[in-house]
Amino acid sequence: VDYWDYIGWKDPFAQAAFASRQRDAVRRQRGQVAYTPQILVDGAGASIWASPARVEVALAKAAARPPRARLSVRAESAGEVLNIELGIQPAGLIAPDVLAFIALTESRLESKVVAGENRGRTLRHDHVVRELSGPITLAPIPPGVREMVVRKSIVMPRAWKRQDLAVSAFLQDTRSGEFLQAVRLPACGDAG
């Protein structure tokens, strides 16, 4: 998120769109404040400060629900371009508020903090979203269509470490914040 940039040190991985997405999630749950670190599980707040055990319970409940769609994702690099194909097989009706997202993440990153409360520290980062594509509209999926395919090409700057990239895709009900399904794979592999 970029809302801490005013303290004199800009987070090199922050994007205004991520802060906006977090504020939307807080509003959806009728919250007042977006903060870091903040955890939302299926759109509901899970305070790590009050009870880490509550976070674990919320994650376990979300993981135990059957998926409401089946996702498959493929990624192939062609030079500086990563071509991604997302297959979506609905397990029932897909509501108009259900949207797809594709995220390209990078791990094993570092940043040196030059101001603020962490001044002088080197921070290590995993699963940093380098690019978030979406929302991708799905509904209405015509009757009889067994799979919808979404294709996305992402230009990868040379500074991104290919071996530390991964692709995640997820379906989210943007009205409730609930996730219907999510998948993740190394950037040049297959998952389904």
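User: Is His125 buried, partly exposed or exposed?
Analyst: The model is predicted, and His125 has a relative accessible area of 16% in it. The cut-off for burial is under 20%. His125 therefore counts as buried.

User: Which side chain does His125 join in a polar contact?
Analyst: His125 is found in strand 7, which covers residues 122-125. Leaving aside neighbours within four places in sequence, its contacts are Phe13, Ser107, Arg108, Leu109, Glu110 and Ser111. A polar contact of 2.7 Å links the His125 side chain to that of Ser111.

User: Is Tyr6 buried or exposed?
Analyst: Tyr6 lies in the segment before helix 1 (16-28). Its relative accessible area is 65%, and the cut-off for exposed is over 50%. Tyr6 is therefore exposed.

User: What is the accessible area of the nonpolar surface patch that Trp4, Tyr6 and Ile7 form?
Analyst: Tyr6 has a relative accessible area of 65%, and patches are made of residues with over 30%. Trp4 and Ile7 belong to the patch along with Tyr6. Together the three have an accessible area of about 350 Å².

User: How does Arg184 count in terms of relative accessibility?
Analyst: Arg184 lies in strand 11, residues 179-186. Its relative accessibility is 46%. Buried requires under 20% and exposed over 50%, with partly exposed in between. Arg184 therefore counts as partly exposed.

User: What separates the C-alpha atoms of Arg184 and Ala103?
Analyst: Along the chain, Arg184 and Ala103 are 81 residues apart.

Notes
Residues numbered from 1 in each chain as written. Predicted model: local features only at pLDDT ≥ 70, side-chain atom pairs only at ≥ 80, totals over all residues. Heavy atoms only, no water. Patch = residues over 30% accessible without salt bridge, like charges linked within 9 Å, V, L, I, M, F, W, Y side chains within 5 Å. Areas by Shrake-Rupley, 256 points an atom, 1.4 Å probe, with all protein chains shown as cover. Salt bridge = Lys/Arg side-chain N within 4 Å of Asp/Glu carboxyl O. Helix = DSSP H or I, 4+ residues; strand = E, 2+ residues; numbered from the N terminus. Buried < 20%, exposed > 50% of the residue type's maximum accessible area, 1.4 Å probe, protein only. Polar contact = N/O pair within 3.5 Å; in protein donor to acceptor, adjacent residues only side chain to side chain. Contact = heavy atoms within 4.5 Å.
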